[in-house]
Amino acid sequence: EPVALPLPAAQARELVSIAQKAAFGRGEDTVVDENVRKAWKIPGARCRFDNAAWAPALSRLVERARQELGVVPRVRAELHDLLVYEAGGFFAPHKDSEKAPGMFGTLVVTLPSTHSGGALEVRHDGDTVRFASGEGTLTEAGWCAFYADCEHEILRVESGYRVALTYNLLRGGEGPAPAPPSQKAAAASLRTFAARWTAGKDYGRGVPAKLCKFLDHEYTETSIQDGWSCLKGDDAALAEALHESGAFDIYLCVAKYEEHGDAECREVHDCSTTFEGWVPHEDANVPFDTSDLTVEEREYTDQDHFRCIDPYEEDGGYPTGNEGCPYSKWYRAAAFVFWPKARRVPVIGLSGAIDLLGEALDGDASAHAGYASPGAMAEACVVDARRQSPTGESLEDLVCCLARDGVDASVLINFVGDSLTLAHLGKNWRGGGRFASAMCAA
């Protein structure tokens, strides 16, 4: 029968009579455990909405949730369950799994009913927001929306019945996608930052080739492969600012950290981090291969990030006799890895850049990593070689090798430009004055 609003207690009891105990995800399994969750559910597929005002009202809620959460793509809501929490019902702290492709959040609409307790608390990054449905009016539905990776719980219902509709918020839907909010001020600051970084300022002698910024929210590997549209809140704002600055090559990727140690001695015996699934912005063009890129720990913006999040898998940590308490933990985090476009040479590495220059000399017109010309890339090689004071191969070595190979001196001058003085080249090349004379004649 139609549900009356406000919901009478008798009808709430009827809903319980046709409901099933609510389960939850535990690892790869779905379980019922009333020590963790005590509630009743009716699957959304068994619910029908005949009130003509419901669909447009829900659309307005979804649009407001989209705006408040800062989600750029079109958003639609998919009914998951009708939930009933009677006196004593609760749901311990947990995070929602991505129940459908494109899911990024949850929308909760509480139906007007007389009850006390049962507040919903949502937590993220040290902040807590409390939604106390039992303190609202009995004439209007209450609602809230949050990202799926935010920890949340339903506090114990003291009396009455808390009845709520839960919707999965999904990317997609009809109509044009809204434009992302402008990040002009942040983009301008980032352009200044890129210029200082390129000039080697603010870092002393140890200028990093790239930076790794771990994101605030959690993302699955599948959602990241779908592209930057999966980003939430401040992560999405930072992505837009970096892209709008036009000063950086930026990748979204997954960092996986593996740790092995002894829990009893509190010692870490071995650890490693790998970066996978490099996804550029859809408008980006990074003109060199990034499949072999690695990130050093000194390039992290947050050195202790993996110590502040929960492992997605762990094993051991209990006594095993003479072997102590060996354990293994696995962590996963999404991150931006980025660098100024004007500093691509340090990212490729001097040796890799020299190889590209060789390909350019062999006739590959695109082999200059997006610099204006092979000569501009050679100049960047010189700047980086001098900054690092390399002990191995440098641009001078390359130029000398090319000279020995009979490459026309005018070509060499085009590569080197004004970055190296001819006297410097002649002095440091073992071939001596003949090379310098050839360069001067050209």
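Select Gly246 to begin: this residue, just after α5, takes a positive phi of about 70°. You're in a predicted model, where local features need pLDDT of at least 70, side-chain atom pairs count only at pLDDT 80 or more, and totals for chains, interfaces and linings use all residues. Numbering runs from 1 along each chain as its sequence is written, and side-chain values use heavy atoms, with hydrogens and water left out.

Now step back to α5 itself, residues 233-245. Helices here are DSSP runs of H or I with at least four residues, strands are E runs of at least two, and both are numbered from the N terminus. The 13 residues of α5 reach 19 Å from first C-alpha to last, close to the 18 Å expected at 1.5 Å a residue (that is, 1.5 Å times one less than the number of residues).

Colour the buried ones next (under 20% relative accessible area, with exposed over 50% and partly exposed in between; 1.4 Å probe, protein chains only): Asp235, Ala236, Ala239, Ala241, Leu242 and Ser245. Their cover includes α3 (184-198), β17 (248-262) and β20 (326-340).

Jump to His305, in the loop between β18 (267-280) and β19 (313-316). His305 counts as buried because its relative accessibility is 11%. Leaving aside neighbours within four places in sequence, His305 is in contact (heavy atoms within 4.5 Å) with Phe214, Leu215 and Ala333.

Last stop: the open five-stranded sheet, ordered β4-β7-β13-β10-β11 with antiparallel pairing (two strands pair if DSSP finds at least two bridges between them). β4 (37-38) and β11 (127-131) stand at the edges with a single partner strand each, so one side of each has no neighbour in the sheet. Zoom in on β10 (120-124) and β13 (151-154), joined by four bridges; Glu121 has Glu153 in β13 as its bridge partner.
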